[in-house]
Amino acid sequence: MLGKGVVGGGGGTKAPKPSFVSYVRPEEIHTNEKEVTEKEVTLHLLPGEQLLCEASTVLKCVQEDSCQRGIYGRLVCTDFKIAFLGDDESALDNDETQFKNKVIGENDITLHCVDQIYGVFDEKKKTLFGQLKKYPEKLIIHCKDLRVFHFCLRYTKEEEVKRIVSGIIHHTQAPKLLKRLFLFSYATAAQNHTATDPKNHAVMFDTLQDWCWELERTKGNMKYKAVSVNEGYKVCERLPAYFVVPTPLPEEDVPRFHGHGIPIWCWSCHSGCAFKMSALPKEQDDGVLQIQKNFLDGIYKTIHRPPYEIVKTEDLSSNFLSLQEIQTAYSKFKQLFLIDNSTEFWDTDIKWFFPAESSSWLDIIRRCLKKAIEIIECLEAQNMNVLLLEENASDLCCLVSSLVQVMMDPHCRTRFGFQSLVQKEWIVGGHCFLDRCNHLRQSDKEEHQRQLSLPLTQSKSSPKRGFFREETDHLIKNLLGKRISKLINSSEELQDNFREFYDSWRSKPPNYHGLLLPHIEGPEIKVWAQRYLRWIPEAQILGGGRVATLSKLLETMEEVQRLQEKIEERHHSQEALQAEAASLLRTSARLSSLFPFALLQRHSSKPVLPTSGWKALGDEEDLAKREDEFVDLGDV
Amino acid sequence: MSLLRGLLGMELIGRSVRLFLDFQEKPASLGTFFILIDKEVIYICPFNGPIKGRVYITNYRLYLRSLETDSALILDVPLGVISRIEKMGGATSRGENSYGLDITCKDMRNLRFALKQEGHSRRDMFEILTRYAFPLAHSLPIFAFLNEEKFDVDGWMVYNPVEEYRRQGLPNHHWRITFINKCYELCDTYPALLVVPYRASDDDLRRVATFRSRNRIPVLSWIHPENKTVIMRCSQPLVGMSGKRNKDDEKYLDVIRETNRQVNKLTIYDARPNVNAVANKATGGGYESDDAYHNAELFFLDIHNIHVMRESLKKVKDIVYPNVEESHWLSSLESTHWLEHIKLVLTGAIQVADRVSSGKSSVVVHCSDGWDRTAQLTSLAMLMLDSYYRSIEGFEILVQKEWISFGHKFASRIGHGDKNHADADRSPIFLQFVDCVWQMSKQFPTAFEFNERFLIIILDHLYSCRFGTFLYNCESAREKQKVTERTVSLWSLINSNKDKFKNPFYTKEINRVLYPVASMRHLELWVNYYIRWNPRIKQQQPNPVEQRYMELLALRDEYIKRLEELQLANSPKLSDPSTSPSSPSQMMPHVQTHF
């Protein structure tokens with residue numbers, strides 16, 4: 001290789017891998033001391049939020065055009081977030097600030113968003129937890145939203161380092177009591193904002209009326225009734241206060257096994273409906289088993305006779321994904337996007353497909369989508385009802401049921417419709433966010449086995465629903481993010497039905513206001529770039545990506561609207577207002593593919609060049625040595 | 001015609017007119033064609049199972065019409081795409097559909113036909129196909145020379161080298177156009193017209209030619225309109241094992257460097273991996289050494305040779321045809337290395353473009369002979385630097401210039417009409433280039449005037465032999481065969497239906513340099529090309545966003561028209577809104593639907 005080893009400049013040259021400490025040498029820090037003192041940024045606290053500890057002269061390291069830059073500032077930890085108060089906020093122009101998160105700033109990391117904390121000691125990166133004997137020179141925070149922060153503590157006073165590092169570790173890792181979650185102090189301190197117009201608001205499913213509306217909307221009200229037997233959570237804390245069951249089902253049956261074994265309505269369509277049901281507790285005693293059997297026989301009789309016709313039971317806890325599988329796959333998958341620096345990005349780039357696949361995350365997505373399509377096939381093509389069965393009916397039931405609705409019900413593809421769906425299936429539906437997201441930071445491994453200690457519905461009455469919703473959206477996005485192999489344990493006949501149904505749908509032109517099925521063939525399941533690559537500067541396409549077409553579309557939409565207004569004016573020959581439609585994107589001529597994320601990282605128009613080159617060709621090595629043409633040039 | 005009839009020794013079926021009226025193609029469009037065969041066969045469709053049909057073979061293509069479902073057209077394959085025809089099964093073959101023909105195509109598919117064992121029907125079909133798919137082996141003309149299609153536009157007029165150089169501002173006081181190669185005497189694989197440094201005399205050029213493989217001396221491909229740095233292309237220097245030097249070549253490169261005064265270095269990009277460049281010394285080639293070329297910096301771009309690319313594409317076919325590797329899609333894709341090669345080609349081109357654009361230095365690009373990897377690098381860098389090449393005609397000019405006129409060996413790489421399917425000269429170099437262009441257009445969806453269909457039709461006619469555009473290896477051979485007089489250009493077809501190939505999102509931006517991100521995280525297999533035969537993978541055409549956008553554009557045009565009408569009629573007596581035929585508010589819901 002003759003290329004002079006320049007990072008990002010030379011031809012396919014492998015640059016020496018920078019160690020963690022060598023990122024920013026003191027002489028490389030382009031900071032103006034004067035600026036630091038002048039531009040002290042104030043900490044914005046939410047109502048009820050308290051500052052816990054802080055450290056000054058912390059250096060936030062930013063990667064930019066393959067060189068490192070440092071910004072001096074203050075690192076603080078509150079009972080809600082970790083925040084860095086630097087002097088670089090001015091880099092944002094107005095256009096971009098329009099799209100800023102109003103609660104969580106660019107340099108804010110909510111405590112619950114922290115995934116892993118690493119410390120760098122003598123150029124070595126170690127995971128930080130518990131009590132520290134030695135404090136690191138540098139703190140690396142990996143976030144659950146895939147941001148990576150580097151804070152250099154070398155110029156910070158020792159006392160402050162100790163305080164901030166142990167503070168951050170404690171507040172992000174120590175087990176927490178539910179009542180200590182920030183949202184409660186926020187709720188107490190903040191004013192109560194209640195949404196006024198139900199039409200411009202997601203349905204919360206916290207009243208009988210909400211369920212009646214949903215029944216009416218889906219035309220399910222003929223065969224089902226909304227019940228209030230669980231009002232005040234008298235029967236069961238896991239179930240919503242109000243829910244829907246088949247009309248002939250006696251309400252007295254609900255409390256028999258604390259709501260277990262009761263078919264709870266999810267959604268209806270013209271040809272069928274979906275129920276979910278939690279399994280009855282496992283019993284050893286023959287007598288109890290007999291009672292359970294009789295009870296279930298009664299239930300099945302109810303839902304098997306007209307007008308319910310045939311019910312297909314889909315046991316999600318036995319022949320579908322396990323929660324552990326999902327968790328393991330996601331942990332592996334997300335690591336592919338938690339990238340510390342440019343060198344790491346390019347080093348992992350050439351061999352990127354293999355780890356992406358071996359995480360099996362994309363395969364899980366495919367299986368979820370496929371399961372949903374199978375259920376839709378039953379509902380649509382076979383006119384069957386489907387009963388989703390799971391231990392607590394609060395994990396895979398939520399997932400499959402909401403996927404089915406997104407595909408079948410165009411209302412669920414609207415903003416409020418989707419929010420209502422999340423509310424119905426996940427939040428009111430009793431998905432154990434607290435455990436699944438480990439908000440209380442119990443030890444890691446048990447995350448999936450534990451029972452829900454407190455019904456989520458309790459926090460529903462608090463004004464801070466947003467927190468939960470955000471988490472849910474997050475989760476749903478993880479689950480919905482990509483389009484979706486092989487069904488385990490399913491008969492050939494089932495496969496054929498599925499194929500036939502799926503192929504016939506695919507052969508027709510799609511109706512975006514009707515049934516929408518995702519593409520699930522291997523090459524169609526892609527990494528959701530907008531989510532996973534959004535904070536990685538190397539991955540951004542300046543002036544490109546989908547946003548380029550979308551902003552074009554928006555521009556035209558605005559133009560059409562303006563024209564419309566003009567025509568209207570002419571028609572009414574009035575002195576109408578010359579109100580120009582507010583333009584969102586017109587002034588920012590060239591957006592990056594990461595828009596609206598990672599705003600600070602778009603600086604120059606220099607190309608990003610891979611720094612690591614070719615890997616071995618393996619069995620093609622002999623070919624590689626051949627010459628293009630078989631002509632001896634020796635005697636020319 | 002009678003000659004051919006004689007050659008065939010069989011009766012031609014005279015009902016072509018009726019048959020072709022049913023097809024999409026107008027009967028007059030293909031001039032001299034005739035049906036050679038009309039037989040009942042079973043087409044063994046890998047996706048939908050065996051289909052009983054009727055096959056029609058003309059001297060241009062093969063059609064298959066279903067005998068089952070409303071005589072639907074199942075296949076329409078130009079014979080030019082056929083690379084290999086094999087007989088499967090023998091007289092003793094048992095089992096259903098085991099006796100027939102297996103046809104391997106250059107466009108990522110295979111066709112299998114089962115035939116009856118009786119009546120020599122397989123022999124007839126095999127012979128006809130072999131004769132017309134591989135006309136060169138039978139002393140028959142390639143179909144392009146028989147094609148009598150007429151178009152409104154003459155595609156051969158698209159590229160005029162003098163005009164293209166003038167567009168670039170050439171000649172100027174540093175660069176001149178030379179006619180030294182007018183009769184292809186200097187270099188038989190270069191075009192007649194070359195742009196060289198003003199200060200290099202024709203004699204200098206002749207001396208430099210002795211030191212460059214196949215006399216392919218460094219000549220100008222593109223000049224930066226502002227900083228005047230240039231992209232030069234050439235072949236490897238003939239250094240050999242002994243490390244020969246050539247003062248004229250060294251001086252010539254220095255002259256090139258001096259045309260641009262801001263910088264004191266010339267950058268040489270050798271597209272090959274370092275080891276290959278070294279190995280090439282054994283056969284007389286090599287690279288520019290530091291001690292001979294003081295004022296030059298050399299970088300290797302690690303792009304592999306034609307053989308590696310050919311094997312890589314073969315592997316791609318294995319994982320996508322007929323069945324798509326499902327559960328291990330990504331690892332199988334990785335094992336083909338196809339996208340890694342794409343990544344390296346793009347990375348190389350980005351480096352070339354960045355050097356020139358940042359004004360750091362002029363660039364010389366070569367590989368071994370300067371007609372494969374070199375063409376990829378120069379044309380891609382030019383596409384990144386010069387927005388003109390991102391228009392439909394601009395792209396045609398780019399292909400015509402950097403590929404066709406500069407002697408990319410299309411005939412050898414594609415094997416038009418040649419029966420030797422295993423020839424080591426075959427390689428999908430041009431396809432790889434088009435793939436890179438597609439990757440760029442995917443990353444910059446508003447930067448190209450043309451759409452995906454444009455790229456696909458170019459690739460389809462790269463093999464079809466319907467047009468003369470990609471025939472032969474170099475300009476001198478084309479001139480000898482009078483290709484422009486005797487054949488039709490592909491650009492005639494495209495430019496007379498331009499609307500079909502336009503990208504509605506195209507936004508013309510002059511002087512914008514496009515740098516794609518050459519990361520595997522962004523590179524994708526071009527499903528609509530490589531897996532297009534699989535009905536399960538077919539993507540929606542057009543995509544919903546595009547469809548929506550087209551609707552909006554139509555609406556906008558309608559409103560503009562109405563506004564103009566209203567403005568014309570805007571006299572006080574006509575201002576009663578109730579008489580207007582349709583109120584604009586009726587349109588509102590249409591505009592406001594979200595997608």
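Strand β5 (residues 114-121) of chain A is largely enclosed by the rest of the structure, because six of its eight residues are buried (under 20% relative accessible area, where exposed is over 50% and partly exposed lies in between, with a 1.4 Å probe and protein chains only). Strands here are DSSP runs of E with at least two residues, and helices are runs of H or I with at least four, numbered from the N terminus. This is a predicted model, in which local features need pLDDT of at least 70 and side-chain atom pairs count only at pLDDT 80 or more, while totals for chains, interfaces and linings use all residues. Residues are numbered from 1 along each chain as its sequence is written, chains are lettered from A and ligands numbered from 1 in the order in which they are written, and side-chain values use heavy atoms, leaving out hydrogens and water.

Two strands pair if DSSP finds at least two bridges between them. With strand β7 (residues 138-143) of chain A, β5(A) forms an antiparallel pair over six bridges, and here Tyr118(A) stands opposite Ile140(A). With strand β6 (residues 124-127) of chain A, the antiparallel pairing of β5(A) runs over four bridges, and Val120(A) faces Lys125(A) as its opposite residue. Two residues lie between the strands of the β5(A) and β6(A) hairpin, where Asp122(A) takes a positive phi near 45°.

Let us turn to a helix. Helix α11 (residues 361-380) of chain A has 20 residues and reaches 28 Å from its first C-alpha to its last, close to the expected 28 Å (1.5 Å times one less than the number of residues). Because 18 of its 20 residues are buried, α11(A) is largely enclosed by the rest of the structure.
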